[in-house]
Amino acid sequence: MRTDGLCACATVDKEYPARVAYSLLSKILEDFDSAFPNWRRESRNEALLWPALDEAVVKYQDPSQADQIMRIQRNLDETKDILHNTIDTVLERGEKLEDLVERSGELSAQSKLFYKQAKRTNSCCAVV
């Protein structure tokens, strides 16, 4: 309740962030006060039709879309997941590169051995 007597109430489940609910209520109160500056003098028995309330309720159904901090947090979480996947991929590539370097060293050693054996084998024969 505000000091001028205007109040709003929202019922949400346990998973809905309290900060977002308070933000919704504050926005609704400010917008209502702007839309109906003479609300204190209202004396009608029927409900006030105010489409902005319906729009706000629809917008705040997904708190991550309505609240900028939650949106940024969701984007950070997505970026973190992407970075983790990228790091995993780079580490896998590093392991594959290490395997290739090791195999390259083995092939180099085998080719040197083959060259020495071929040289020994061919040293007994003369080419005419």
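Mentor: A nonpolar core is a set of buried Ala, Val, Leu, Ile, Met, Phe, Trp, Tyr and Cys residues joined through side-chain atoms within 4.5 Å, where buried means under 20% relative accessible area, exposed over 50% and partly exposed in between, with a 1.4 Å probe and protein chains only. This is a predicted model, in which local features need pLDDT of at least 70 and side-chain atom pairs count only at pLDDT 80 or more, while totals for chains, interfaces and linings use all residues. Residues are numbered from 1 along each chain as its sequence is written, and side-chain values use heavy atoms, with hydrogens and water left out.

Trainee: Which residues touch the most other members of the largest nonpolar core?

Mentor: In soluble globular proteins, nonpolar side chains tend to be buried together. Here the largest nonpolar core has 14 residues, and those touching the most other members are Phe32 and Tyr60.

Trainee: Which helix supplies the largest share of this core?

Mentor: Helices are DSSP runs of H or I with at least four residues, numbered from the N terminus. Six residues make up the largest share of this core, and they come from α1.

Trainee: How many disulfides does a search of the whole structure find?

Mentor: A disulfide is a pair of cysteine sulfur atoms within 2.5 Å. The sulfur of Cys7 has its closest cysteine sulfur in Cys9, at 8.0 Å, and therefore is too far away for a bond. Cys7 is partly exposed, at 45% relative accessible area, whereas Cys9 is exposed, at 72%. For disulfides, the search of the whole structure gives zero.

Technical notes
Helices (H or I, at least four residues) and strands (E, at least two) are DSSP runs, numbered from the N terminus.
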